Amino acid sequence: MFITFEGCEGVGKSTQVRLLKEYLEHTGQPAVYIREPGSTKISEQIRDVIANPQNTEMTDITEAMLFAASRAQLVREVIRPALERGELVICDRYLDSSVAYQGYARGMGVDVIKKINEPAIDGLLPDLTIFLDLRPSEAWRTFKNTDRMEQESADFHDKVYEGYIAEIKSSNGRIVPVKPDFDKKVTAERILEVLRKKGAIK
Ligand code: TMP
C-alpha cells in the first residue's frame, strides 16, 4: 500500500510521519519512509535547487517541472520497486503538493500540473492520503523562512490550503482530512485510527 501525508507548512506533518514510524517499528510492521522532493541521490540534488533562496529568477514552470523530475526518479528508483516487493510505502508529500502549491497557489492550474506529472508518476497514485487539516494562519510553528518556498507570502500559503480543500472534494475519498490537535499524540492516534480503518496497518 502507498500512503502519503499532505498539509501546509508548520502543521506538524513531519512530526506525525516520525510518530507513525515509531509506532510501526514498535509493533513490528515494516515500511519504507520517504519525503518529497528528495529521497534519492538525484531527487535530493533537485530539492537543493528548488529550496535555494538565491534562485529568485526561477520561473513557475521550471519549479513545477523540477518537482515532477524529482518525483519521476523517486517513483522508479524507490516507490514502484518497494510496492512490487509488497512493502508499505509512506511518503511525506507527493502529487497533491504540486496540485496545491503549483496548481492553485502559483495559479498554474490543476490540469497543467496533472499533465506535467503524468509521465512522472506513470499512473501511480497513493491508495490513501492523510491531509493534516489546519490553516497556515493556525499552524503551530512559525516558518523558519530559510527556504525559497517558505519565504512565500501568507496569502500564497492560504491559497495552498484552499487548493487542498478543493482536491479533497474531487478525490473520491482517497484524501482523508485529519484535524491536528495541539497534543501531537492525540493527532497521532487520530491518524492510526484512519489507517487501521482503511486496512493499511494493524
Ligand atoms: P517540506 O517543507 O514538507 O519538506 O516540503 C518542501 C517544500 O516544497 C514545501 O514548501 C512544499 C513544497 N512543495 C511544492 O511546492 N510542490 C511539491 O510538489 C512538493 C512535493 C513540495
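In this predicted model, the side chains of glutamate 25 and lysine 21 form a salt bridge, with an N to O distance of 3.4 Å. Both residues lie in helix H1 (residues 13–26), and because they are four residues apart, about one helical turn separates them. An α-helix has 3.6 residues a turn, so residues three or four places apart point the same way. Lysine 21 has a relative accessible area of 33% and is therefore partly exposed.

A second pair consists of arginine 174 and aspartate 96, whose closest N and O atoms are 2.9 Å apart. Arginine 174 and aspartate 96 are both buried.

Arginine 190 and aspartate 181 also form a salt bridge, with 3.7 Å between the closest N and O atoms. Arginine 190 is partly exposed at a relative accessible area of 33%, and aspartate 181 is likewise partly exposed, at 25%. Elsewhere, salt bridges with shared partners connect Asp60, Glu63, Arg106, Arg148 and Glu152 in one network. The model contains 19 salt bridges by the rule applied.

| Salt bridge | N to O distance |
|---|---|
| Glutamate 25 and lysine 21 | 3.4 Å |
| Arginine 174 and aspartate 96 | 2.9 Å |
| Arginine 190 and aspartate 181 | 3.7 Å |

The second topic is helix H5. Helix H5 spans residues 110–121, twelve residues in total, and extends 15 Å from its first C-alpha to its last, close to the 16 Å expected at 1.5 Å a residue. Which residues of H5 are buried? They are Val110, Ile113, Ile116, Asn117, Ala120 and Ile121. Viewed down the helix axis, the buried residues of H5 fall within an arc of 135°, so they line one face of the helix.

On the face of H5 turned away from its buried side are the exposed residues Asp111, Lys115, Glu118 and Pro119. After H5 comes aspartate 122, which has a positive phi, near 50°.

Definitions and conventions:
Residues numbered from 1 in each chain as written. Predicted model: local features only at pLDDT ≥ 70, side-chain atom pairs only at ≥ 80, totals over all residues. Heavy atoms only, no water. Helix = DSSP H or I, 4+ residues; strand = E, 2+ residues; numbered from the N terminus. Expected span 1.5 Å × (residues − 1). Buried < 20%, exposed > 50% of the residue type's maximum accessible area, 1.4 Å probe, protein only. Arc of directions from axis to C-beta. Salt bridge = Lys/Arg side-chain N within 4 Å of Asp/Glu carboxyl O.
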